[in-house]
There are 2 protein chains.
Amino acid sequence: MQEIYMACDHAAFEGKEALKKYLSNNFEVIDLGTDSPERCDYPDYAAKLAKAVQDEPKLGILLCGSGIGISMAANRYSGIRAALCRTPNEAELSRQHNDANVLCLGARINSDDELAAIADAWFSARFEEGRHTGRVAKFNDLGEKA
Amino acid sequence: MQEIYMACDHAAFEGKEALKKYLSNNFEVIDLGTDSPERCDYPDYAAKLAKAVQDEPKLGILLCGSGIGISMAANRYSGIRAALCRTPNEAELSRQHNDANVLCLGARINSDDELAAIADAWFSARFEEGRHTGRVAKFNDLGEKA
């Protein structure tokens, strides 16, 4: 099975557990935490997943309460293209146009069922290349290296 | 009047013009382009606005078709906290919890009226500080300098 990374903060711990269970039918999930609902800081988990993707490229999913903070932090890292998505349509666009390799989700914004549908759409879509390739290249290598 | 930056790509040119007109009632808008619906690359406009904020800090708004690509690119830059928002509630959260200084919008996702309502909510909200201050500090200085 294809391996993927997942990580989250405390606000999304339950959402991450539910989504991990759902995705485990089709993927080998490498869970980078957090492992409890105890308070933690979303940038720490964005960094863990970003560095994992830099070291060994795989697709990844990051969750926090809104998805906003964890997407800001993840995009600080070179080679990470972290897309905050609220709908399956946005998830498709983020793969087709932006070659997103990290899906960011808000566990307090979308229900568990919605998160699963967004993830399904994201994994099913493919980068369209063409004119999008040059656009991605213009920012992809900026930012922090592992 | 408070000065703000705005920039966008071709897909959001009309949306940017409409939002600029709306916001000009309350803000002095420094428009960094694009200035026509001719095709251009969103990372160029993310970079322009990010460097403007780094040089002379003000709040800013970035738009592309989905808002996803331009938010990825903007967050590559140190000190930029670019929040992709689809609703007024998300806009408030991004200021309260993440001290967002750049609002990212998708002109093909939200209507002009919706974009105006999201922007209003964003400008009205304030950073809550407290535990959020340390979280923002953990990633804020990462990334590219001007």
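## Relation of the two chains

Two residues are in contact if their C-beta atoms, placed from the backbone, lie within 7 Å. In this predicted model, 100% of the interface residues of chain B are also interface residues in chain A, so the copies meet through the same surface.

Chain B is superposed on chain A by a rotation of 180 degrees, with 0.0 Å of shift along the axis and an RMSD of 0.0 Å. This is the relation of a two-fold axis.

## The interface from the side of chain B

In the contact between the chains, 28 residues of chain B meet 30 residues of chain A. On the side of chain B, the elements giving two or more residues are α2 (42–55), α3, β4 (82–84), α4 and α6 (131–140). Sorted by class, this side of chain B has 12 nonpolar, seven polar and nine charged residues.

## Helix α4 in chain A

Helix α4 of chain A spans residues 88–96, and its buried residues are A:Glu90, A:Ala91, A:Leu93, A:Ser94 and A:Arg95. Their cover draws on both chains: it includes β4 (82–84), β5 (102–106) and α5 (112–124) of chain A, and also α3 (68–74) of chain B.

## Helix packing in chain B

In chain B, helix α4 (residues 88–96) packs with helix α5 (residues 112–124) at an angle of about 25 degrees, the axes being 8 Å apart. Angles under 35 degrees count as roughly parallel, and the angle therefore makes α4(B) roughly parallel to α5(B). The crossing of these two helices is right-handed.

From α4(B), the contact is made by B:Pro88, B:Ala91, B:Glu92, B:Ser94 and B:Arg95, and from α5(B) by B:Ala117, B:Ile118, B:Ala121 and B:Trp122. By class, this contact of α4(B) with α5(B) has six nonpolar, one polar and two charged residues.

## Surroundings of B:Arg81

B:Arg81 is in the loop between α3 and β4 of chain B. A residue is buried if 20 or more other C-beta atoms lie within 10 Å of its own. B:Arg81 counts as buried because it has 23 C-beta neighbours inside 10 Å.

Leaving aside residues up to four places away in sequence, B:Arg81 touches A:Met72 of the other chain, and within chain B it touches B:Asn98, B:Asp99, B:Ala100, B:Asn101, B:Val102, B:Val136 and B:Asn140. B:Leu103 is 22 residues from B:Arg81 in sequence, and the two are 8.5 Å apart in space, C-alpha to C-alpha.

Methods:
Residues numbered from 1 in each chain as written. Chains lettered and ligands numbered in written order. Predicted model: local features only at pLDDT ≥ 70, side-chain atom pairs only at ≥ 80, totals over all residues. Buried ≥ 20, exposed ≤ 12 C-beta atoms within 10 Å, placed from the backbone. Helix = DSSP H or I, 4+ residues; strand = E, 2+ residues; numbered from the N terminus. Least-squares fit on C-alpha atoms with pLDDT ≥ 70 in both. Axes fitted to C-alpha atoms, helices over the stretch in contact; angles between N-to-C directions. Parallel < 35°, antiparallel > 145°, perpendicular 65-115°, else oblique. Left-handed = near helix turned anticlockwise from the far one by under 90°. Nonpolar A, V, L, I, M, F, W, Y, C, P; charged D, E, K, R; others polar.
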